[in-house]
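Let's take a walk through this structure together, beginning with the whole chain and ending with a few side chains. Please keep the viewer open as you read.

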Amino acid sequence: MKEFKDKVAVVTGAASGIGRGMAERFASAGMKVVLADVELPALAGVEARIIDKDGAALAIATDVSKPADIERLADRTLSAFGAVHVLCNNAGVFMPGRPSWEWTLADWEWVLGVNLWGVIHGIRVFVPIMLGQDSEGHIVNTASIMGLVTGSSDATYGVSKHGVVRLSECLHHELAAIGAKLKVSVLCPGWVSTELADADRNRPSNAPTQGDDPQIEARRVSVRQALKGAGQTPEHVAECVMDAIVNEKFYIITHPEWKDRIRARMDDILEERNPRVQPAPTG
């Protein structure tokens, strides 16, 4: 895609962080933006900021883990703007700390429901619509650098993000095989200044938090510090996304300092070595 004015973008997880950054960047390019999230006051704030700058925005309460919500999101988008040209399956949550066998079923269901099933639902509902338009379009699925590296913690998050990478790769090949005008990118950021470490503020009531667990809280503090001290902003990530859409770039790695760790994992696989855990870059 080269032209953005009056095109329509749908962004999930748009109330804060990377989603907000992408939504505001699309609006600045003249796009009509549909904002989806469960955090309604913050979502309304993003909508108001875009409209105050003479942009077009529509906020829709959406739980991406629920297929009916995504179907309603698509229906309301088409009713309001008539088309979808960019879809950002971006909504994500994070659970820090425990060994994989200690997470409850509710923990797994919440993280996979948002991070992986949210992308699945977005693809299932929106791709047929976008293909039917027979126009240029782009899908951006937000994974994480944690979807490309090995690690010793945060199993629920890592599993979900590896799944998003693989799903995005499949979608890329499937669309190329039919000669579709619709392109795909997978966004794999490292540390970005967001509130991801405190995602349980939006945890549903049927998935209760783990209370005052020192192990979880210690990990949350370390992740929060890394995110805030990352030196990268959501606005920077949004620029990387825009560049990828314009240049039809599939892998979006916003933090090149992580490439050594990605390479180490690939080397371990090719050499059939046991996976090594390397320290995360601090920048």
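Predicted model: local features only at pLDDT ≥ 70, side-chain atom pairs only at ≥ 80, totals over all residues.

The protein chain folds into 9 helices and 7 strands. Its radius of gyration is 18 Å, close to the 19 Å that the globule rule gives for 283 residues, so the chain is as compact as a globular protein of that length.

Among contacts with a separation of 6 or more, 72% are between residues 24 or more positions apart. As for charge, you will find 30 positive and 36 negative side chains, with the centres of the two sets 2 Å apart.

Now let's look at the rings. A pair of aromatic rings is described by the distance of the centres and the angle of the planes. How many aromatic pairs does a search of the whole structure find? The search gives 2. One of them joins Phe94 and Tyr157, an edge-to-face pair with 5.2 Å centre to centre and 80° between the planes. This pair links distant parts of the chain, its members being 63 residues apart: Phe94 sits in the loop between strand S4 (86-89) and helix H4 (105-115), while Tyr157 belongs to helix H6 (residues 155-177). Phe94 has a relative accessible area of 4%, under the 20% cut-off, so Phe94 is buried. Tyr157 is buried as well, at 9% relative accessibility.

The other pair is made by Phe250 and Tyr251, whose ring centres lie 4.6 Å apart; the planes meet at 90°, so this pair is edge-to-face. Are these two residues buried or exposed? Phe250 is buried, with a relative accessible area of 12%, whereas Tyr251 counts as partly exposed because its relative accessibility is 38%.

Finally, go back to helix H6 and pick out Thr156. At 0% relative accessibility, Thr156 counts as buried. What does Thr156 touch, leaving aside residues up to four places away in sequence? Its contacts are Met95, Trp103, Trp108, Val111 and Leu112.

How values were computed
Residues numbered from 1 in each chain as written. Heavy atoms only, no water. Helix = DSSP H or I, 4+ residues; strand = E, 2+ residues; numbered from the N terminus. Rg over C-alpha atoms; globule rule 2.2 N^0.38 Å. Contact = heavy atoms within 4.5 Å. Lys, Arg positive; Asp, Glu negative; His and termini not counted. Charge placed at Lys NZ, Arg CZ, Asp CG, Glu CD. Phe/Tyr/Trp six-rings, centres within 6.5 Å; stacked < 30°, edge-to-face > 60°. Buried < 20%, exposed > 50% of the residue type's maximum accessible area, 1.4 Å probe, protein only.
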